[in-house]
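Reader: Before we discuss this model, could you show it to me, so that each term can be set against its definition?

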Amino acid sequence: RNSNIDTTLYLAELALNESNAINYQEGIADAFHKKGIYYYFTDDYENALRFYNKSKSIAKKLKNKRLEAQALAWIGSIYRVQAKHKNAQLYYNDALKLSRRINDKQLIIYCLRSIGDDYRMQLKNDLALEYLTEAINICNESNNVEEKAFILIHLGELYQIQSEFFKSTRALNEAITLSRKINNKNIVCIGIYTLGEISLAKSDYVAALNYFNQSLNLANELKDKIRLIDCYLSIGDVYRLQNDLKKAMEYYKQASLTADEINSPNSKAYCLMVIADVYKTKGEYNLAIEYLNKSESIALEIEDLHRLSEIYLEIGEIY
């Protein structure tokens, strides 16, 4: 799943066919889950949710708590990327309770790091750090390299938000090194992108553009459209900060189109906001207000208070 997602679907189909042939219900449930993973990583959240729910339904009938917890956790992840934080936390916590009950370390780590990352997205940094720290401690105890790399990425992103660039760079480089050893291109892609964000914060535009383009190429290879949106937006930021507004707008609009493709309201709201900022810079205030109003409607719908505060500030500055 982290290097060739199409093979995930192929193997899931094989597993499903074999399991159906011998009426192996646990195998059917797990194969449905793996199909859900394929759709999750290709940003088709509707189909991902459909297969996770199929897996959960069979698991509940079988009273298989591991498979049920697995499905609950990944349903939480769908809501997390859609910025539906209440739903995400509900499913993650249900999954965490089940995982602790059966002492499944892998699932416990996944739930803890996912809850932590969801809090990071909400800028609840203290809670994020609490959950991520517990997760990384369990990783160290159980020698779980892949999950440790993921958590180091989240820690790197958290420190980057707090402008603790030394801590962030150290965590990210360790995550990238571990991920290259286990050929996890997904984590490498995220790590390189965040190093680009740090370079951008330091106004090192050459390094930032280099990192973002590396991440963009990996995201294309992995068919990771969420990361593609991030890369388009950040490359747009580099050009905007260098006053190349035409180039910036090209990348922002590409990001907006990709957000439409995967129905990502959180990303779409941000894309509309930065497009508005370009129009504001050009003095085209009516167009800027129009795009900010569109962004506001989405932010209200998903209850993104942080985004709303930024939108209202922008509208106020224009007036």
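**Loops, helix pairs and spaces**

Author: Ser 163 is found in the loop between helix 8 and helix 9 (165-181), where helices are DSSP runs of H or I with at least four residues, numbered from the N terminus. This is a predicted model, in which local features need pLDDT of at least 70 and side-chain atom pairs count only at pLDDT 80 or more, while totals for chains, interfaces and linings use all residues. Residues are numbered from 1 along each chain as its sequence is written, and side-chain values use heavy atoms, with hydrogens and water left out.

Reader: What makes the phi of Ser 163 worth noting?

Author: Phi of Ser 163 is near 60°, a positive value in a residue other than glycine. Most residues other than glycine have a negative phi. Asn 263, in the loop between helix 13 (245-261) and helix 14, also has a positive phi, near 55°.

Reader: Why are helix 8 and helix 9 called roughly antiparallel?

Author: Their axes, which are lines fitted to C-alpha atoms over the stretch in contact, with angles running from 0 to 180 degrees between N-to-C directions, come within 8 Å and cross at roughly 155°. Angles under 35 degrees count as roughly parallel, over 145 as roughly antiparallel, 65 to 115 as roughly perpendicular and the rest as oblique, and helix 8 and helix 9 are therefore roughly antiparallel. The contact (heavy atoms within 4.5 Å) includes Leu 152 and Ile 153 of helix 8 and Ala 171 and Leu 172 of helix 9. By class, its residues divide into 10 nonpolar, 4 polar and 3 charged, where Ala, Val, Leu, Ile, Met, Phe, Trp, Tyr, Cys and Pro count as nonpolar, Asp, Glu, Lys and Arg as charged, and the others, Gly among them, as polar.

Reader: How do you know whether helix 12 and helix 14 are parallel or antiparallel?

Author: The axes of helix 12 (residues 225-241) and helix 14 (residues 265-281) come within 11 Å and cross at roughly 15°, and the two helices are therefore roughly parallel to each other. In this pair, Ile 229, Leu 233, Asp 237 and Arg 240 of helix 12 meet residues of helix 14 that include Tyr 270 and Asp 277. The contact of helix 12 with helix 14 has 6 nonpolar, 1 polar and 3 charged residues.

Reader: What makes helix 14 and helix 16 roughly parallel?

Author: Helix 14 and helix 16 (residues 305-318) pack at an angle of about 15°, with their axes 11 Å apart, and are therefore roughly parallel to each other. Tyr 270 and Asp 277 are among the residues of helix 14 in this contact, and Glu 310 and Ile 311 among those of helix 16. The contact of helix 14 with helix 16 has 5 nonpolar, no polar and 6 charged residues.

Reader: What lines the largest cavity?

Author: On a 1 Å grid over the protein atoms alone, a cavity is a set of points where a 1.4 Å probe fits but cannot get out, and a pocket is an open set with protein on both sides within 12 Å along at least five of seven lines; lining residues have an atom within 4 Å of a point. The largest cavity is lined by Arg 1, Ile 5, Phe 41, Asn 186, Leu 222 and Asp 224. Arg 1 is also among the residues nearest the centre of the second largest pocket, whose lining has 13 residues that divide into 4 nonpolar, 3 polar and 6 charged.
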